[in-house]
Amino acid sequence: MAKVKFELNRDGVRELLQSPEMAEIITGAAERVAAAASSGGRGYSAEIRTGASRVTARIKPADAAAYYSNLKHNTLLKSLGSGKV
């Protein structure tokens with residue numbers, strides 16, 4: 001068997017992870033999670049950021065009632081399955 005050598009192109013991966021297409025995918029997943037978490041009547045919002053190495057999303061409670069509801073019922077944790085691509 002021949003040995004295969006694989007070298008990762010780090011600049012290409014960084015470019016891919018920061019691309020507008022990746023931001024669109026992350027935005028869709030974050031909005032699905034926020035919508036699933038909001039189905040209980042409490043509001044959650046998705047915030048998208050492009051960092052030094054990749055696009056990230058943060059989903060957070062929109063008000064104090066949603067914050068305390070999340071503490072008691074783990075709403076965001078339970079909604080994470082809705083964001084799968």
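## Contacts along the chain

In this predicted model, 50% of the contacts between residues at least 6 apart in sequence join residues at least 24 apart; a contact means heavy atoms within 4.5 Å. Residues are numbered from 1 along each chain as its sequence is written, and side-chain values use heavy atoms, with hydrogens and water left out. Because the model is predicted, local features need pLDDT of at least 70 and side-chain atom pairs count only at pLDDT 80 or more, whereas totals for chains, interfaces and linings use all residues.

Met22 belongs to helix α2 (residues 20-38) and touches Leu16 and Leu17, when residues up to four places away in sequence are not counted. The C-alpha atoms of Met22 and Thr56 are separated by 9.6 Å, and the two residues are 34 apart along the chain.

## Secondary structure and overall dimensions

The protein contains 4 helices and 2 strands. Their order from the N terminus is α-α-β-β-α-α. Helices (H or I, at least four residues) and strands (E, at least two) are DSSP runs, numbered from the N terminus.

The radius of gyration of the protein is 17 Å, while a compact globule of 85 residues would have a value near 12 Å. This radius is taken over C-alpha atoms, and the globule rule is 2.2 Å times the number of residues to the power 0.38. Along the principal axes, the C-alpha atoms fill a box of roughly 60 × 30 × 20 Å.

## Surface and charge

Of the 85 residues in the protein, 20% are buried. Buried means under 20% relative accessible area, exposed means over 50%, and partly exposed lies in between (1.4 Å probe, protein chains only). The protein exposes about 6600 Å², of which carbon and sulfur atoms supply 55%; accessible areas come from the Shrake-Rupley method with a 1.4 Å probe, and for residues only the protein chains shown count as cover.

The protein carries 13 positive and 8 negative charges, and their mean positions are 12 Å apart. Lys and Arg count as positive and Asp and Glu as negative, without His and the chain ends; each charge is placed at NZ of Lys, CZ of Arg, CG of Asp or CD of Glu.

Side chains of opposite charge can pair when their charged atoms come close. The structure holds 3 salt bridges, each defined as a side-chain nitrogen of Lys or Arg within 4 Å of a carboxyl oxygen of Asp or Glu.

One of them joins Arg14 and Asp11, with an N to O distance of 3.2 Å. Both residues lie in helix α1 (residues 10-17), 3 residues apart, or about one turn of the helix. Arg14 is partly exposed at 37% relative accessibility, whereas Asp11 is exposed, with a relative accessible area of 54%.

## Salt-bridge network at Glu47

Glu47, Arg49 and Lys60 are linked in a network of salt bridges. The closest N and O atoms of Glu47 and Arg49 are 3.2 Å apart. Arg49 counts as partly exposed because its relative accessibility is 40%, and Glu47 is partly exposed because its relative accessible area is 27%.

Lys60 also forms a salt bridge with Glu47, the closest N and O atoms being 3.1 Å apart. This pair links distant parts of the chain, with Lys60 in strand β2 (residues 55-61) and Glu47 in strand β1 (residues 44-50), 13 residues apart. Lys60 is partly exposed, with a relative accessible area of 34%.
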